[in-house]
Amino acid sequence: MSDLQRRRFLIGAGVVGATAALSACTSNAAPGASGANVAAAAGDNAAAGAAVTIGFSAPAADHGWIAAIANNAAAQAKQYPDVTFEAVNPTNDVTQQIAAVQTLINKKVSGLVILPNDGSQLTSVGRAAMQAGIPVINLDRVFDTPLAYRTWIGGDNYGMGVSAGTYIGEQLKARGVTNPVIGEIAGIDNLPLTQSRSKGFSDALASFGYKVGPRQAADFTAQGGQRVTANLMQAAPKLDALWNHDDDQGIGVLAAIKQANRSEFFMVGGAGSANAMRDMKADNTVLKATVTYAPTMASSAVSLARLVAQNRGMGDLVEKEVPTSITLASATVTKENVDTYLPLGFES
């Protein structure tokens, strides 16, 4: 089975598995008569454990997705009476973030959740925490070495592209389109995450016999999205479909499309903002779907930090320890299922 095929399978199956793993217990049943090790079907992950202090550091909330990361982390911590949540001031300055995390290390917090501005540049402070015996949950932007974190949790950038390309391919095939013009509004091109998203998109389209047409890279802002989409609209007098990597920059993308008075194509968004989902539900723009890169990962990161700090495992897993890596599936949200995902959306 190819990597693309595996990811298509996981897109459908991942939600079920993730829900089961994160919602159940810590205690595992003893081996049964068959000799098989099985996990209990329900249990006490949420039950109070040892009191722990979880430190948190993330970039400044100058983007809807980042703002949701911080809000979700703080809200999740409040769910646990055994957790004291200590967040340092958010910053987009790498040096300041390193210094802020170091203060948490000096305070000897029980665990750390870190979304680094830059994974490479924050690797040293992640290692310092681990060497001090403080488990680090590395959120989304990965450190250079596993020695800098206990567990990584984040989204699937390649999978986002696969989800977007699969939806577009299926829609165009169903309409009998044989030689479509498919546009792409990417994020920041020199970022590995943008490159992964574009690769997944291209690979998925190729499986339908399609290819990416006009492509512009923006900067994950509404202003950048509007600017580059205006250029793309001028360069491409006809489109059949368009994928925009990021719903925050999608505000500008949709503004440029409206300004150009274009409606002959459909559009897929990225990340899963609430305003994008409301547009899809109203069905009054070209936006017909979005593929998730959910900031709820911050909520899960806090839950994982708590379990690791308390020396507990994840429910419905036979193993006694929290896994070292968790990649979240990218769901495809449409008008048909938007009510399910809207509560998880973030405000751009």
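The expected span here is 1.5 Å times one less than the number of residues, and helices (H or I, at least four residues) and strands (E, at least two) are DSSP runs numbered from the N terminus. You are looking at a predicted model, in which local features need pLDDT of at least 70 and side-chain atom pairs count only at pLDDT 80 or more, while totals for chains, interfaces and linings use all residues. Residues are numbered from 1 along each chain as its sequence is written, and side-chain values use heavy atoms, with hydrogens and water left out.

H10 is mostly covered, with 12 of its 13 residues buried; buried means under 20% relative accessible area, exposed over 50%, and partly exposed in between (1.4 Å probe, protein chains only). Among the buried residues of H10 are Met 297, Arg 306 and Val 308. Just after the helix, Asn 311 takes a positive phi of about 60°.

Now bring in helix H2 (residues 64–77), whose axis comes within 7 Å of that of H10 (residues 297–309), the two crossing at roughly 35°. Axes are lines fitted to C-alpha atoms, for helices over the stretch in contact, and angles run from 0 to 180 degrees between N-to-C directions. H2 contributes Trp 65, Ile 69, Asn 72, Ala 73, Gln 76 and Ala 77 to the contact, and H10 contributes Met 297, Ala 298, Ser 299, Val 302 and Ser 303; contact means heavy atoms within 4.5 Å. An α-helix has 3.6 residues a turn, so residues three or four places apart point the same way. The buried residues of H2 include Trp 65, Ile 69 and Ala 73. Besides H10, the partners of H2's buried residues include strand S1 (52–57) and helix H8 (247–259).

Helix H5 (residues 157–174) and helix H6 (residues 192–206) pack at an angle of about 30°, their axes 6 Å apart. Among the residues making this contact are Gly 161, Gly 165 and Gly 169 of H5, and Ser 196, Gly 200 and Ala 204 of H6.

Where does Ser 196 sit? Its place is in helix H6, and Ser 196 counts as partly exposed because its relative accessible area is 29%. Not counting residues up to four places away in sequence, Ser 196 touches Asn 157 and Tyr 158. Val 162 is 34 residues from Ser 196 in sequence, and 9.9 Å separates the two in space, C-alpha to C-alpha.
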